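Biologist: Hi! Could you open the model and walk me through it?
Modeller: Happy to, here it comes.

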Amino acid sequence: MPIFIEGFMISFGLIVAIGPQNAYLLRQGLRQRHVLPVATVCFLSDILLIGLGVFGTGKIIAENEALSTWMGWGGAVFLLWFALKSAKSALKPEAITQDDIDASAGDAAGQGVKIAILHTLAFTFLNPWVYVDTMVLIGGVSIKYETDALRNAFMIGAWTASAIWFYGLAYGAKKAAPLFRKKITWRILDSLIAIIMLAVCATLIQHQLS
């Protein structure tokens, strides 16, 4: 269960950042257009990328002692940077605006389901940070787990966070939108993310030193 929770927390911390994918999903949810397929594409994409990270990149790293050491410390540094970035954002929060939603969504809102899916795939796989978050960072954190069973627990935790976030955002968009426009919401979220990332960073450093 602690491993499941760690996977959940780190995935949640990375996924809630304002970005084109979240903004597009939020707009689709606000307009109730192709909500299920768009949310499902987001979730299935995360399943694929996180799976490749944990049992692809992560497993390769874990089997190479030198690479595992470098990636472990690199992951700790990245988590520390992300925590500090989140803490800075908490001090000066930027709420998501209608302009953010409109700019990210483009002209897709009035198109059919195929176009909506293509836009979702583009917002997901053409964003280079998605590979850093899922395949490098989540995969890198998973190297400390020595068995497939432990990696599975970590991975399922990360998948669960993705499912809750994407479907929750899509179907709760109308009620959630006013919250996302308030700076206090992002102040709280960014503060929690900073704490989560610092905690995961500490466990990764502890693993590197053991």
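This is a predicted model: local features need pLDDT of at least 70, side-chain atom pairs count only at pLDDT 80 or more; totals for chains, interfaces and linings use all residues.

Biologist: Great. How many helices and strands does the protein chain have?
Modeller: There are 10 helices and 0 strands.

Biologist: How much of the protein chain is buried?
Modeller: Buried residues are 45% of the 210 in the chain. Buried is under 20% relative accessible area, exposed is over 50%, and partly exposed is in between, using a 1.4 Å probe and protein chains only. The accessible surface is about 10400 Å², with 69% of that belonging to carbon and sulfur atoms. Those areas come from the Shrake-Rupley method with a 1.4 Å probe, and for residues only the protein chains shown count as cover.

Biologist: What share of the contacts comes from residues 24 or more positions apart?
Modeller: They account for 89% of the contacts with a separation of 6 or more. A contact is heavy atoms within 4.5 Å.

Biologist: Now the core. Which residues of the largest nonpolar core touch the most other members?
Modeller: That core has 40 residues, and I10, L79, V141, F154 and M197 touch the most other members. Two or more residues each come from α1 (2-15), α2 (20-31), α3 (35-62), α4 (65-91), α6 (113-125), α7 (128-141), α8 (148-171) and α10 (183-209). A nonpolar core is a set of buried Ala, Val, Leu, Ile, Met, Phe, Trp, Tyr and Cys residues joined through side-chain atoms within 4.5 Å. In soluble globular proteins, nonpolar side chains tend to be buried together.

Biologist: What does F154 touch?
Modeller: Setting aside residues up to four places away in sequence, F154 touches I3, E6, G7, I10, V54, I138, V141, S142 and Y145.

Biologist: E6 is on that list. Is E6 buried or exposed?
Modeller: E6 is buried, with a relative accessible area of 12%, and sits in helix α1. Leaving out neighbours within four places in sequence, E6 is in contact with V141, K144, Y145, F154, V200 and T203.

Biologist: Switching to rings: how many aromatic pairs are there?
Modeller: The structure holds 4. One of them is F8 with F12, where the centres are 6.3 Å apart and the planes at 5 degrees, so the pair is stacked. The rule takes rings of Phe, Tyr and Trp (its six-membered ring) with centres within 6.5 Å; planes under 30 degrees apart are stacked, over 60 edge-to-face, and the rest tilted.

Biologist: How is F12 paired with W165?
Modeller: F12 and W165 are edge-to-face, 6.0 Å centre to centre with 85 degrees between the planes. F12 lies in helix α1 and W165 in helix α8, so this pair ties together parts 153 residues apart in sequence. Ring pairs link F8, F12 and W165 into a cluster. W165 is buried at 10% relative accessibility, whereas F12 is partly exposed at 22%.

Biologist: And L25, what does that one touch?
Modeller: Beyond residues up to four places away in sequence, L25 touches V38, A39, F166, L169 and A170. L25 is in helix α2 and is buried, with a relative accessible area of 1%.

Biologist: Last one: what is the phi of H34?
Modeller: H34 has a positive phi of about 50 degrees, although it is not a glycine. Most residues other than glycine have a negative phi. H34 is in the loop between α2 and α3 and is partly exposed, with a relative accessible area of 26%.

Note on methods:
Residues are numbered from 1 along each chain as its sequence is written. Side-chain values use heavy atoms; hydrogens and water are left out. Helices (H or I, at least four residues) and strands (E, at least two) are DSSP runs, numbered from the N terminus.
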